[in-house]
Amino acid sequence: MYKYFTVVALVLAYSAGNASAFWCFTCTTFNSTNCLIPDQNILLSECPPSPDVSTVTCFTRIVGQDVHRGCATLLTATERDNCALVNNCQLCSNENDTACNGNLFPHGRLHCHQCEGTTNSTCSEEIQTEATPCLRFVADDQCVVQVRENNVLRGCLSENEACRNSRDCHVCAGNGCNFRHFEHSAAGSVIAQMPLLIGAILLSAFAAKSL
C-alpha cells in the first residue's frame, strides 16, 4: 500500500510539473538573425517551472545592440524587477500555450531598405517594397545608400559604420528613407557636402590673399 501511494504521489508531482511548464523563444540576434522576428519552432525552448515566477513567463530585452529572448525563470529577481520598457526590457505572459515573446522589439525599431547589387540591378532603382527592420538596435540609427564604383548597398548605419565618414554614402533619418534611385542619393550626398567645400575654398582664398 505504501508503495502504491508513493507511485501515485510521484505521478501527480510529475503531471503538476509538466502542467506548469511553458514555452518561450530563447535566442539572440547576435547568434541568429531569425531572432529578430522569430517564427521558427527551432528557437522555442521549454522553460522550467519556478515558484518565484507565476504571472509572467517570457522576456525580451536589448543587451548592447542585440535582442535577447528567453524564459523569465532564467532572470534573477532583480532583473525581473528592473525589466521595463524604459530599460528596453519587456516581460509577458503566454496565452493558449503560445510563446508571447516573438514580437518585434523594441516597437519603434528603425526600418530601412536593405539590398545589394550593381548600378544596373533592382537595388539601384527607386525601391517600391516595404522597408525591413534593422538587425542591430541603436537609438539614433539611420538608413544609408552607399555607391562605390559599380556597386550599390542599402541598409542601416548601425551595420555599416564606415558610412559615417564616407563620401560615397548618403545617410538619412526616418523609416524607409533610403528608397530613392542611387543617382539621386549620390547627388544628395554631394549637395550635403557643398557647404563644406565652399567653406574650404573661401578659407583657402582668404589665406592666399593674406599672404
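The legends below accompany several close-up views of a predicted model of a protein.

**Figure 1. Overview of the predicted protein and its secondary structure.**
The secondary structure of this predicted model comes to 3 helices and 12 strands, and the protein has 211 residues, of which 37% are buried. Where contacts join residues at least 6 apart in sequence, 61% of them link residues that are at least 24 apart. The protein exposes about 13300 Å² of surface, and carbon and sulfur atoms supply 57% of that area.

**Figure 2. Confidence along the chain.**
The average pLDDT of the protein is 80, and 74% of the residues score at least 70. Which elements mark the lowest and the highest confidence in the protein? Confidence is lowest in helix α1, residues 2-20, with a mean of 39, and it is highest in strand β7, residues 111-112, at 97. Over residues 1-19 the pLDDT stays under 50, and the model has 1 contact beyond four places in sequence for this stretch. Residues 187-201 also have a pLDDT below 50, and beyond near neighbours in sequence this stretch has 5 contacts in the model.

**Figure 3. The open sheet of four strands.**
In this view, 4 strands form an open sheet with antiparallel pairing, and their order is β2-β5-β4-β6. The edge strands are β2, residues 27-28, and β6, residues 89-92, each of which pairs on one side only. Strand β4, which covers residues 58-63, pairs with β6 in the antiparallel sense over 4 bridges.

**Figure 4. The partners of strand β11.**
Strand β11, residues 151-156, is joined to strand β8, residues 115-118, by 4 bridges, and the two strands run antiparallel. On this side, Cys115 has Arg154 in β11 as its bridge partner. Strand β10, residues 143-148, also runs antiparallel to β11, and 6 bridges join this pair. Here the bridge partner of Cys143 is Cys156 in β11. Strands β10 and β11 form a hairpin with 2 residues between them, and Glu149 in the turn has a positive phi of about 55°.

Asn160 lies in the loop between β11 and β12, the latter covering residues 169-172. Is Asn160 buried or exposed? Asn160 counts as buried because its relative accessibility is 14%, a value that falls under the 20% limit for buried residues. Leaving aside neighbours within four places in sequence, Asn160 is in contact with Val144, Gln146 and Leu153. For Asn160 and Val144, which are 16 residues apart along the chain, the C-alpha atoms are separated by 8.3 Å.

**Figure 5. The salt bridge between Glu79 and Arg61.**
The count of salt bridges comes to 4, and this view shows one of them, formed by Glu79 and Arg61, whose closest N and O atoms are 3.5 Å apart. Glu79 lies in helix α2, residues 77-81, and Arg61 lies in strand β4, so the pair ties together parts that are 18 residues apart in sequence. Glu79 counts as partly exposed because its relative accessibility is 31%, and Arg61 likewise counts as partly exposed, at 22%.

**Figure 6. The salt bridge between Arg136 and Asp66.**
The side chains of Arg136 and Asp66 meet in a salt bridge, with a distance of 2.2 Å from N to O. Arg136 is in the loop between β9, residues 132-133, and β10, while Asp66 is in strand β5, residues 66-71, and the pair links distant parts of the chain that are 70 residues apart.

**Figure 7. The salt bridge between Arg164 and Glu161.**
In this view, Arg164 forms a salt bridge with Glu161, and the closest N and O atoms are 2.6 Å apart. Arg164 counts as partly exposed, with a relative accessibility of 44%, and Glu161 also counts as partly exposed, at 41%.

Methods. Residues numbered from 1 in each chain as written. Heavy atoms only, no water. Buried < 20%, exposed > 50% of the residue type's maximum accessible area, 1.4 Å probe, protein only. Contact = heavy atoms within 4.5 Å. Areas by Shrake-Rupley, 256 points an atom, 1.4 Å probe, with all protein chains shown as cover. Pairing = 2+ DSSP bridges. pLDDT = per-residue confidence, 0-100.
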